[in-house]
Amino acid sequence: VLKEKEIGAILTFPRVVKLRGLFIDWSQKKRIFDPSEFAKILPPELSDFFASLVLAEVDIVDEAELAYAITLARHELSILSIKEELTKLSVKMKDLEEKARDKELLAVQKVFAETARRLSDLEETKNSRYNMLARQKSAS
């Protein structure tokens, strides 16, 4: 999952980006993921972070449940990514408004409106998606 472009575009926290990059490089040389082997190559600033991820309690018992959890996580990451984008756009709009750059402000407002619509669409589908996935999960 970490190798997918879509996930890389969403995960923008510096430690996560660095850990993901190291994992992708490391996994190209290894066929089977061994957390203890991977931990050996990590710089000190990522060791504790990785350990906390590995030691996190996970209640996933089968592949169907894992697929369910991944789908839900992707959906949530998409929502968070769009919210972050909206925050950046609102800061930009405020700056343009203060500088009285009306033409540029209008263009950014249009992008903001489209981005807000995307967020709304995602949030509207959230409950129906969760319900559908929950039904699939319980059927398997």
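**Salt bridges in an all-helix chain**

The protein chain has an accessible surface of about 10200 Å², with 57% of that belonging to carbon and sulfur atoms (areas by the Shrake-Rupley method with a 1.4 Å probe; for residues, only the protein chains shown count as cover). Keep in mind that this is a predicted model: local features need pLDDT of at least 70, side-chain atom pairs count only at pLDDT 80 or more, and totals for chains, interfaces and linings use all residues. Residues are numbered from 1 along each chain as its sequence is written, and side-chain values use heavy atoms, with hydrogens and water left out.

**Overall layout**

- Six helices and zero strands turn up in the protein chain, where helices (H or I, at least four residues) and strands (E, at least two) are DSSP runs numbered from the N terminus.
- Going along the sequence, you get the pattern α-α-α-α-α-α.
- Of the 140 residues in the protein chain, 22% are buried (buried is under 20% relative accessible area, exposed is over 50%, partly exposed is in between, with a 1.4 Å probe and protein chains only).
- Take the contacts (heavy atoms within 4.5 Å) between residues at least 6 apart in sequence: 54% of them join residues at least 24 apart.

**Salt bridges: the count**

- Searching the whole structure gives nine salt bridges, each being a side-chain nitrogen of Lys or Arg within 4 Å of a carboxyl oxygen of Asp or Glu.
- As background, side chains of opposite charge can pair when their charged atoms come close.

**A link between helices**

- Lys83 and Glu123 form a salt bridge, with 3.7 Å between the closest N and O atoms.
- This pair ties together distant parts of the chain, 40 residues apart: Lys83 sits in helix H5 (residues 63-98) and Glu123 in helix H6 (residues 102-139).
- Both ends are partly exposed, Lys83 at 39% relative accessible area and Glu123 at 35%.

- Glu84 pairs with Lys88 in a salt bridge, the closest N and O atoms lying 3.4 Å apart.
- The two are four residues apart in helix H5, so about one helical turn separates Glu84 from Lys88.
- Glu84 is partly exposed at 34% relative accessible area, while Lys88 counts as exposed at 54%.

**Further along the chain**

- Arg101 makes a salt bridge with Glu104, and here the closest N and O atoms are 2.7 Å apart.
- Arg101 is partly exposed at 35% relative accessibility, and Glu104 is partly exposed too, at 38%.
- Glu114, Arg117 and Asp121 are joined up in a salt-bridge network.
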